[in-house]
Amino acid sequence: MNLAQFFWQGDALARGVAVLLLVMSVGSWVVILWKSWLLHRASGDVARCIAAFWQSSTVSEATQKIKAFDREALVLPMVDAIKLEANGTLASAGDRAQQLTRVLRNALHAALNKLQHGQVLLATVGATAPFVGLLGTVWGIYHALIGIANAGQVTIDKISGPVGEALIMTAAGLMVAIPAVLAFNVLGRAVGRIEADLEGFARDLRELGSTSAAPH
């Protein structure tokens, strides 16, 4: 029996479980491929942006250089933060160090939200896909046993076939969950490395901006 026959012989719940697993698999692989490309690009961009900033003679010069590298807009908002100007609002209240802390924190959080986008989906798929597959297996075994009982004669071949087919759902759930879990861990470490670079740069910017000595 091929997979198409296995799918169409099931009832609405079995088909729903199969479709849900397929959607979860496609969704997780889209996120895996997209995030792998994004984080690879962001890692190089952040390193080039930070190097360009410290090699510049003024903040304005650094801003122009960073615009060419910062394709995900992770670093430029933090650089713009040290160009604070009073505007008469509560956001400009307090001393410059406090203002810088607030603005840099907001810029850093925005950058981390971009980097962590999709991680929740991978975690959800990795945690729930095995149980979704198990639901399909339990439901399939239940129907297989009902069919065997109605047949009135129980033999090994009548049990092994339907039960084995039902166990395919468990295997499918694991096949969906394992890549999502592995990707969540690998991509999470990549996000952590970029996050550490951005946090260190934000601290350096705060010290630089607090002294009001940065040439603009």
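Is G192 buried, partly exposed or exposed?

Guide: Happy to. This is a predicted model, in which local features need pLDDT of at least 70 and side-chain atom pairs count only at pLDDT 80 or more, while totals for chains, interfaces and linings use all residues. Residues are numbered from 1 along each chain as its sequence is written, and side-chain values use heavy atoms, with hydrogens and water left out.

G192 is partly exposed, because its relative accessible area is 33%; buried means under 20%, exposed over 50%, and partly exposed in between, with a 1.4 Å probe and protein chains only. G192 sits in helix α7, where helices are DSSP runs of H or I with at least four residues, strands are runs of E with at least two, and both are numbered from the N terminus. In sequence G192 is 80 residues from L112, yet their C-alpha atoms are 9.4 Å apart in space.

Leaving out residues up to four places away in sequence, L198 touches V46, L74, V75, M78, L108, A111 and L115, where contact means heavy atoms within 4.5 Å.

Two packed helices are described by the angle between their axes and the distance between the axes. Helix α2 (residues 12–54) and helix α5 (residues 96–116) pack at about 140°, with axes 10 Å apart; axes are lines fitted to C-alpha atoms, for helices over the stretch in contact, and angles run from 0 to 180 degrees between N-to-C directions. That angle makes α2 oblique to α5, since under 35 degrees counts as roughly parallel, over 145 as roughly antiparallel, 65 to 115 as roughly perpendicular and the rest as oblique. K35, L38, L39 and A42 in α2 meet K114, L115 and Q116 in α5. These residues divide into four nonpolar, one polar and two charged; Ala, Val, Leu, Ile, Met, Phe, Trp, Tyr, Cys and Pro count as nonpolar, Asp, Glu, Lys and Arg as charged, and the others, Gly among them, as polar.

Also in α5 is R105, partly exposed at 40% relative accessibility. R105 and M78 are 27 residues apart in sequence and 8.7 Å apart in space, C-alpha to C-alpha.

The loop between α3 and α4 holds A73, partly exposed at 33% relative accessibility. Most residues other than glycine have a negative phi. A73 has a positive phi, near 55°. In helix α3 you will find T63, which counts as buried because its relative accessibility is 5%. Its contacts, apart from neighbours within four places in sequence, are L76, V79, D80 and K83.

Stepping back, the protein chain has seven helices and zero strands. Of its 216 residues, 35% are buried. Among its contacts with a separation of 6 or more, 75% are between residues 24 or more positions apart.
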